[in-house]
Amino acid sequence: MKTEHKDYSVVLVGPAGMGIQTVEQALVKILKSAGYHIFATKEYMSRVRGGMNSTSLRVGAVPVSAPVERIDLLLALAPGGVDHVSERISSSTVILGEKEQFEQEIPAGIRMIDVSFERIASAIGNKLYSNTVAVGLLGAVFHVEEAILEDFVLKRFAGKEQKVVEENKKAIQAGFEQGLRLVQSGLLDIRLQPDQRVKNQIVMEGIEAVGFGALAGGCNFIGAYPMSPSTGLLTFLAKHGKRFGVVVEQAEDEIAAIHMALGAWYAGARGIASTSGGGFALMTEGFSLAGMLESPLVIHLAQRPGPATGLPTRTEQADLDLALYAGHGEFPRAILAPGNLQQAFELTRHAFDLADRCQVPVFVLTDQYLADTYYNTEPFDLSDIRVNHHFVETQEGYLRFALTESGLSPRGIPGFGRGFVAVDSDEHDEFGRITEDLNFRTRMVEKRRGKEKFLIEQAMAPTVWPSPKKEHLVVCWGSTLPIVQEALEVLGREDAGLVHFLQVFPLHPSTAEILAQARTRICLEGNAGGQFARLLKAYADVEITHRILKYNGAAFTVEEIVRRLKEILK
Amino acid sequence: MLDEKVFYPGKLDIAWCPGCGNYGILRVLQKALAELGIEPHNLVMVSGIGQAAKLPHYFNCHYFNGLHGRALPAAFAISAVNPNLTVIAESGDGDMYGEGGNHFLHTIRRNPNITNIVHNNMVYGLTKGQASPTSRRGFKTPVQPAGVINEPFNPLAVAIALDASFVARTFIGEAERTKEILKHAIRHPGYALVDILQPCVTFNKVNTYQWFKENTYWLEDHNPLDRRAAFSRAIEESEGGKLPLGIFYINPNKVPYNQAAGLYETDARPLFQRSVDREKLKELLQSYLG
């Protein structure tokens, strides 16, 4: 392999429990230390051992933040691994692995370099070190200095017994030497120019960016029931929350989780409910309660394919309708859908302020793809992090649901002021006591619904890229942003651009006007029903001319979008 | 000690039937709180749905009258984010033991510093007379016309099995003793269950004031620190005896949630008084440089 790319696609494949994720995490750290842009996404089965999982890494001289089908280098760690990704293998793919394990699987004309990570590891003392050997080998192939690798081992195994540290050091050296031999013999010749900017950038997963956004937004309460792919947020807050005074409690079910979050907001904290579609289905009564109590609430809904249990570890964008229509009765809500790590941070942070300011529930709608995907990015801007609380000190005679000119009733909390803060799930009067006065009911419905105007005033405009006034516009929302961006770069058509919605509801007032400029409006989304296209028609009267939909559980890839755009834009 | 009138909200249209046991609970609770000197502004009542759950509306205090069965998770969170508040979660037997049964189990396990008052009239009132989880076998209702066949839920036995830190049962016909038990429960650090037997004068013609008088007795010579004894007392009725009243069980060694979670170790302020620590956030971000 002697090619000069802007980036290389490296895929690791093996059964669950073999440590693919360990290799992935190690490579992300090491390659970033060496100054490469790095991107990693994984697809995995809903099981703890066995099956077949893969991680796709892109190592770049330029920023990379989207998955590709292409595989330049495939590390197959167990039989069946090559078959698992066979559709992605082409004549430019080089396979690294133990030849005799894969004889049946290697397609004709595909190059395989015979390397036995296990044999090298066993020689050092334990075949468990195979992963470390693989990391060392890839380090050499990407011209990473040996010192960086050793430094990694010392950090990674800090606190472990000396024998483990020593043997891992040996394993990484052995892998490194083997890699050097491959490079020197000309079998692998990868040349990428490191980028000095990378060293000052952060690298994290989407779900961690959501976690940062939550902390920056003043989140200090999470009650959650674990559910893929949302669990990472609970884990993040459990790991780091203590330092920030976050109350973290594993709830008995999602119903408890959302009611805890509401209790927390009621008493002046900032709670988040984090779950996936099935969990949110249980939360919908609590969601409706937020509407009635006029409580702020942030819901992180990490989508995965349904209905029901669906594909627990795969991705989809099919819970937009769920978020849009959830909850009995009528009340406003906002739905934010981050497209990249920066947006995951910014929107989650913003969600807390928006919810508090407008006294409505706000969704941060992510998905498994975004949650589990890593790459390097500029450090988040923390320069103006401060939490503006929107509750008030109450006075004697305070009315939680006072009818005011603005339409918002100042929100008091118990323990702050001389008023009583009374909230009720029944229809209530201005104080918060049950009422069945039907004329008053009308006014309260209008008051609750009226808050949508604040959400529209503060709605975020869609991102138009690269510039407005294109004949063909790809319309997308949420996590597909970087993939569509790269696909359009590859497509290279001057007349095509994209409009990305990071706020999907309520829509920014400019929506219709922006989309009206184009002749072709192609809505790309990860579901079968074209849910966002329907939303655009219903709420902005925009006609979508073409749809690109995907609902097999996998994320879009750059090549796939290019192919499908070519079919439409002949 | 306060004047109990501080808890009177003024004239209201009360939705309970004349003679309902809820009136007694309301009065006794107001007295107990006044005697403990708990200021209405530091009191949050959390309830669910049902006739019992309307009690906070007839009280001068903060309240969170949420959804059916969901008082406990909200009450837990309120007590976790502001330890200065006195939090009482109260509702009926259907709400706490039926719809909210799962939360009942897990809130006991969490041991938050809340008092859980359950108005137990062995029937559904607001939905007009169906069986509740605590209805006795043979109790006839429009939905169970041949009589209840299911085992009655035994909240005390369940709570003791879960090593709840305070477990008591009382009967609203005994106002003074109920008040003393409530005071003890509210003072108790950690989760405290007070199951209050009360008649439903409209929909339960079996478990009347008279029935409760004849079928209950007060625990004497009982050591509430003895969990095994407490459990055997809690299952007496199912073995053909009467329903004992009193404090069944106290575990003084249980650590309340906020303390166990270390929430206020380094900063005693309730969460609403705090803000984000930007320096710590910067530090954490640094750790992601690789």
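**Exercise 1.** State which residues B:Tyr264 touches, leaving aside residues up to four places away in sequence, and whether B:Tyr264 is buried, partly exposed or exposed.

*Solution.* Step 1: B:Tyr264 touches B:Pro83 and B:Asn258, where contact requires C-beta atoms, placed from the backbone, to lie within 7 Å. Step 2: a residue is buried if 20 or more other C-beta atoms lie within 10 Å of its own, exposed if 12 or fewer, and partly exposed in between. B:Tyr264 has 16 such atoms and is therefore partly exposed. Step 3: B:Tyr264 is located in the loop between helix 9 (257-260) and helix 10 (278-286) of chain B; helices (H or I, at least four residues) and strands (E, at least two) are DSSP runs, numbered from the N terminus.

The model is predicted: local features need pLDDT of at least 70 and side-chain atom pairs count only at pLDDT 80 or more, while totals for chains, interfaces and linings use all residues. Residues are numbered from 1 along each chain as its sequence is written, and chains are lettered from A and ligands numbered from 1 in the order in which they are written.

**Exercise 2.** Check the length of helix 1 (residues 21-36) of chain B, and determine which elements its buried residues pack against.

*Solution.* Step 1: the expected span is 1.5 Å times one less than the number of residues. Step 2: the buried residues of helix 1 of chain B include B:Ile25, B:Leu29 and B:Leu33. Step 3: the buried residues of this helix pack against strand 1 (43-47), strand 4 (114-120), helix 6 (175-187) and strand 6 (192-197) of chain B. Step 4: just after the helix, B:Gly37 adopts a positive phi of about 70 degrees.

**Exercise 3.** Describe how chains A and B meet.

*Solution.* Step 1: chain A contributes 52 residues to the contact and chain B 45 residues. Step 2: on the side of chain A that touches chain B, helix 10 of chain A gives the largest share, eight residues. Step 3: strand 19 of chain A and strand 2 (residues 62-65) of chain B pair in the parallel sense over three bridges; pairing requires at least two bridges found by DSSP. A:Val423 stands opposite B:Phe64 in strand 2 of chain B.

Notes
Two residues are in contact if their C-beta atoms, placed from the backbone, lie within 7 Å.
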